[in-house]
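Okay, thanks everyone, I'll keep this short. Let me put the sequence and the structure up on the screen.

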Amino acid sequence: PAAAPVVLPAPPLPPTVAPAPPAAPAVADEGQPASGVVVKETTVPIPSATPASAGARVGDAATERDTSGSLGAVGLYHVEAADVGPKDVLRLGLYGQYFNSNYVGIPFPVKNTSDERGTGILNLAFAPLDWLGFYAGTQISTTVSEGAGATSPGFQSEVGDFWIGATGAWHVVSGLSLGLDVRGYGYGAVGSSGAGAGAFQPTGLLTYDFVKSLHFPVRLHLDAGFFFGNLGNLTTTNTSGQPIQLRAAEQFAYGYTPFDEFRGAVGIEVPLPYVTPFLEYELVAPFTGSTPLVGPDQAPVSYASALPSDFDVGVRVTALRDVSFLAAFDVSMQSQVALGVPILPIWEFFLGVSYNWDPISVGEIRTTETTKTIEHKVAVPEKPGRVDGTVVDAATGRPIANAIVTIVGTELPPVATTPMEGHFRTYGLPEGPIDVQASKDGYDAATAHAVVVKGQIAQVTLTLKPRIQKVPLRVTVHTARGKPLAARVTVEGPKGFRATVDVPASGDGEATLPGPGAYALRASAHGFLGKAARLDVAAGGSPEEDFTLSPAPRRTVLIITKDKIRLKKQIHFATNKATILHDSDSILAEVVDAIINHHVEKLRIEGHTDNVGSKEHNLALSQERADAVMRYLERAGIPADKLEAVGYGDARPVAPNLTNRGRALNRRVEFDIL
């Protein structure tokens, strides 16, 4: 019998120089020995967590580079991404900023004054988990102010400012990621050593990556958060040691602001081979409250004109492995300077370099090739072509490990993708067009077309769609004495799934569910009260649900109208408590039946009390009783999204609270059909 096919691991990535294969049996002239031996040593670097983008194709994931921004978190220069970067990779960033108002000839930040500022930033980041990263940084800046409104002294330095942050990011669907960044700042004091102020900034993050979802070279980023700090404590002192407020030029030098702020930013980048151009927009909205804004000359300033916002346009160079270079230019949209509001430079130029270092996968592979040379030369065959690629999950965009990759229409052995990156590389292939197919349990197979050229490596990406695993469901319906019943069972589930099972007189019925998830079941039979159930279905399971139906009462306690379920008898609770007494079980069983058989899509449960006791106590008690009824219906199988509960206390009486009978009528639960 034919042997089962053998799945081989993918050849090493990148390829190392293997020992030369034995030469074809070429025979030297009789009596002539080999003329010599040549030994070659080749060094091959271990694959990088952030490989070079040079040579990649537009739309390939290889063009993307997770690099620290100015503060250390993954992103552009100012805008953060909902990403923490590659796991176990240490990121180091060094950035510089420069501004000089003399270059544009505009007095800044006040009349008859010009400022020149330079800033250096150093940051460090590390991601110990796939979804969690930490970073920290510090900066030093110097500002030289000249003119009538200049600082005193004219040279100001900002030393000792630092920040520490953490980012969590989660992939929601293919291409879409959400994240949360939390950062704390420390600011050095003005004119003395020690701490001067601190701040805290939480930020929500959103990233949509068209490269992962559509193989289109665009990534969008959106940041929104708040800045809470006490930078208003940054003051200087006079000759008597008394604190005085900073002037406009000094506020610009130190980033002074006494207000909390909303901070938002949006960025777009285009990952291309060699470079990634990007564009950013940032907005800062201080919470000034009723504080009037004035300029350096104490003249009133409108909030809109002083609102800090700016555009950045830049490019990141990613052609080299592990190292990225950045250049960007910033233009401020702030038209007026207001004291206390962050002052943005008219323009600013940024330069930076970042380095990604993987401390775990560091080193190189050394291989030795020995070649024996004989007198008769043997032709060396040409290097064959290969196919290199990645297999990813269509739903999440994540690499798929241990997928089987075959060359369609050939008897060549298949290879498996790597455990971490989902990469594969075929063995040598004949020149010409081929089809590459990837498969894995739980996924639909996918095929990609490639053209093999001698001595070259063709790049492909195969996207596998998760296979929907249908699940069989068995339902049983019978009386309390175990007698089978003919019934109708309705099943509702994820993504709008709805099915009806007509159970025969044998009491056994079957349905096919589209896959794992949460399902709501409702059973009804003529002459019996309907029942509901909730069912959590796991992949690969064979769920069963058993319904025991009770006979419908001869006289119902309900009156059902278009918008209400009215009770002829009230639901009873323990005195001054939200505990439902057991004599009300039959009433609630009829309510469940009404919800099922009248196809109620939304029900509001209202709690009411008499006027005995304080209004606050009655309002709380009515809400607790409405919640207790809602929980009872949920336990009976009614989906939670079909129910809501509200308490009105004694605000809506139906009878005067002057007699025991009137107060009893006011202590009630009502059901509104929405």
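Ground rules before that. This is a predicted model, so local features need pLDDT of at least 70 and side-chain atom pairs count only at pLDDT 80 or more, while totals for chains, interfaces and linings use all residues. Residues are numbered from 1 along each chain as its sequence is written, and side-chain values use heavy atoms, with hydrogens and water left out.

Overall picture, then. The chain has six helices and 37 strands; those are DSSP runs, H or I of at least four residues for helices and E of at least two for strands, numbered from the N terminus. Of its 674 residues, 43% are buried. Buried is under 20% relative accessible area, exposed is over 50%, and partly exposed is in between, with a 1.4 Å probe and protein chains only. If you take contacts with a separation of 6 or more, 65% of them join residues 24 or more positions apart, where contact means heavy atoms within 4.5 Å.

Now salt bridges, meaning a side-chain nitrogen of Lys or Arg within 4 Å of a carboxyl oxygen of Asp or Glu. The count comes to 26. Take glutamate 348 and arginine 117, which meet at 3.6 Å, N to O. That pair links distant parts of the chain, with glutamate 348 in strand E16 and arginine 117 in strand E4, 231 residues apart. Glutamate 348 is buried at 5% relative accessibility, and arginine 117 is buried too, at 13%.

Arginine 316 and glutamate 269 do something along those lines, at 3.7 Å, N to O. Arginine 316 sits in strand E14 and glutamate 269 in strand E12, so this bridge ties together parts 47 residues apart in sequence. Arginine 316 is buried, at 2%, and so is glutamate 269, at 5%. There's also a network of salt bridges, with Lys564, Arg604, Glu606 and Glu644 among its members.

Which strand gives the largest share of the nonpolar patch? It's E16, with three residues. The patch covers about 850 Å², and its residues include Leu92, Leu122, Phe325, Tyr355 and Trp357. For the cut-offs, patch residues have over 30% relative accessible area and no salt bridge; like charges are joined within 9 Å, and nonpolar side chains (Val, Leu, Ile, Met, Phe, Trp, Tyr) within 5 Å. Areas are Shrake-Rupley with a 1.4 Å probe, and for residues only the protein chains shown count as cover. Tyrosine 355 is in E16 and is partly exposed, at 35%.

On to the helices. The axes of H4 (585-597) and H5 (615-635) come within 11 Å and cross at roughly 65°. The contact involves Leu588, Val591 and Ile595 of H4, among others, and Val629, Tyr632 and Leu633 of H5. Axes here are lines fitted to C-alpha atoms, for helices over the stretch in contact, with angles from 0 to 180 degrees between N-to-C directions.

Last, two single residues. Aspartate 83 is in the loop between E2 and E3, and counts as buried at 17%. Its C-alpha is 8.0 Å from that of threonine 207, 124 residues along the chain. Alanine 458, in strand E25, is buried at 15%, and its contacts include Arg386, Val387 and Asp388.

That's my tour, thanks.

Note on methods: Lists of a residue's contacts leave out its neighbours within four places in sequence.
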